[in-house]
Amino acid sequence: MLKQLSESIYYMVNDNERERPVLGLVCGEKYSLVIDAGNSVQHAEEFLAEIRQLQVPPVRYVVITHAHWDHFLGMNQYEDAVIIVNRLTEQRLNEWRAYTFDDAALLKYVEGNRLSAHGMQMIQNEVPNRESFTLGRSGIVFEGSLELDLGNKVCTLEQIRSTHTDDSTIVYVPDERTLFLGDSPYSTTTRSLFHYKQHRLLPMIEDIQRYDAVHFLLGHESICDQEEMDMFFGQLTACSQAVTSTSLEEAMDSFEREQGRAPVGDELFFLKALVNDRILDAELPSN
């Protein structure tokens, strides 16, 4: 079932058990815009079935926030819509367009760390006719930013700096003060090690906080308000200031000195993720 944020904005909540991110819907007077296409044929079809029950204009555009499979594998189901991506996302989707999706191929992607074992299971369960499945084409490829007018409803698309991927696109609806962030504020995984890209953290926060927003929709969190996002970014910033080496113990000691207390909850995860980033940097061969 779709959640309604306002008269013109709806969203389908994330389902992390099935690797399903939030899917968004913004409706103007002429057209509707979808944010992220879904992780599979089934996911997209369920979303479209919910949209058909609403009295809203037809879906004219689908924006893919980044080229991780759970955000785009449902894109073929939006047959009458224009798929919109930034240029780097398009380059990565072109790689996926060369993929096959039979069991043997999916297993190779898992072994090559391009797909998780759980992700393979979701694709096997929710993409019918996988032996003949190929990813469709994009209709608009942009660089930097793009503005769409849905009919008295403007949306701004921008590729931002991100700790999650190099190709993160966010969608801003100014008159609703609503920002769809996709997975942009999240950590990532490299060589089986989760980490926050420390050198991109403050630039990402700067890019996001330029927008006058009170509603934030994240790929795997559903909706957050401004207070929650400020707390999230505050914790990340404090943790980043505490991490200056590959030692988790030193980072925790530094955090406690600066904050006057020991780290708790998400802060422990953030510290470990930022230390892991230092470890990965230290392992890179020097030029």
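Is glutamate 158 buried or exposed? Glutamate 158 counts as buried, since its relative accessibility is 14% (buried is under 20% relative accessible area, exposed is over 50%, and partly exposed is in between, using a 1.4 Å probe and protein chains only). What you're looking at is a predicted model, where local features need pLDDT of at least 70, side-chain atom pairs count only at pLDDT 80 or more, and totals for chains, interfaces and linings use all residues. Residues are numbered from 1 along each chain as its sequence is written, and side-chain values use heavy atoms, with hydrogens and water left out.

**Salt bridges**

- Side chains of opposite charge can pair when their charged atoms come close.
- The count here is 17 salt bridges, each being a side-chain nitrogen of Lys or Arg within 4 Å of a carboxyl oxygen of Asp or Glu.
- Glutamate 158 has arginine 210 as a salt-bridge partner, with 2.8 Å between the closest N and O atoms.
- That pair links distant parts of the chain, 52 residues apart: glutamate 158 is in strand E9 (residues 154-159), and arginine 210 is in the loop between helix H6 (198-209) and strand E14 (215-218). Helices (H or I, at least four residues) and strands (E, at least two) are DSSP runs, numbered from the N terminus.
- Glutamate 143 and arginine 87 also form a salt bridge, their closest N and O atoms again being 2.8 Å apart.
- Here glutamate 143 comes from the loop between strand E7 (140-142) and strand E8 (145-149), while arginine 87 belongs to helix H3 (residues 87-97), 56 residues apart.
- Glutamate 143 is exposed at 58% relative accessibility, and arginine 87 is partly exposed at 39%.
- Asp15, Arg18, Arg20, Glu46 and Glu126 join up in a network of salt bridges.

**Aromatic rings**

- The whole structure has 13 aromatic pairs (rings of Phe, Tyr and Trp, with its six-membered ring, pair if their centres lie within 6.5 Å; planes under 30 degrees apart are stacked, over 60 edge-to-face, and the rest tilted).
- One of them is tyrosine 31 with tyrosine 61, edge-to-face at 6.3 Å centre to centre and 75 degrees between the planes.
- Tyrosine 31 is partly exposed at 29% relative accessibility, whereas tyrosine 61 is buried at 14%.
- Phe72, Trp96, Tyr99, Phe101, Tyr109 and Phe133 make up one aromatic cluster.

**A charge over a ring**

- Arginine 60 has its charged end over the ring of tyrosine 31, 5.9 Å from the ring's centre (the rule asks for NZ of Lys or CZ of Arg within 6 Å of the ring centre and within 35 degrees of the ring normal).
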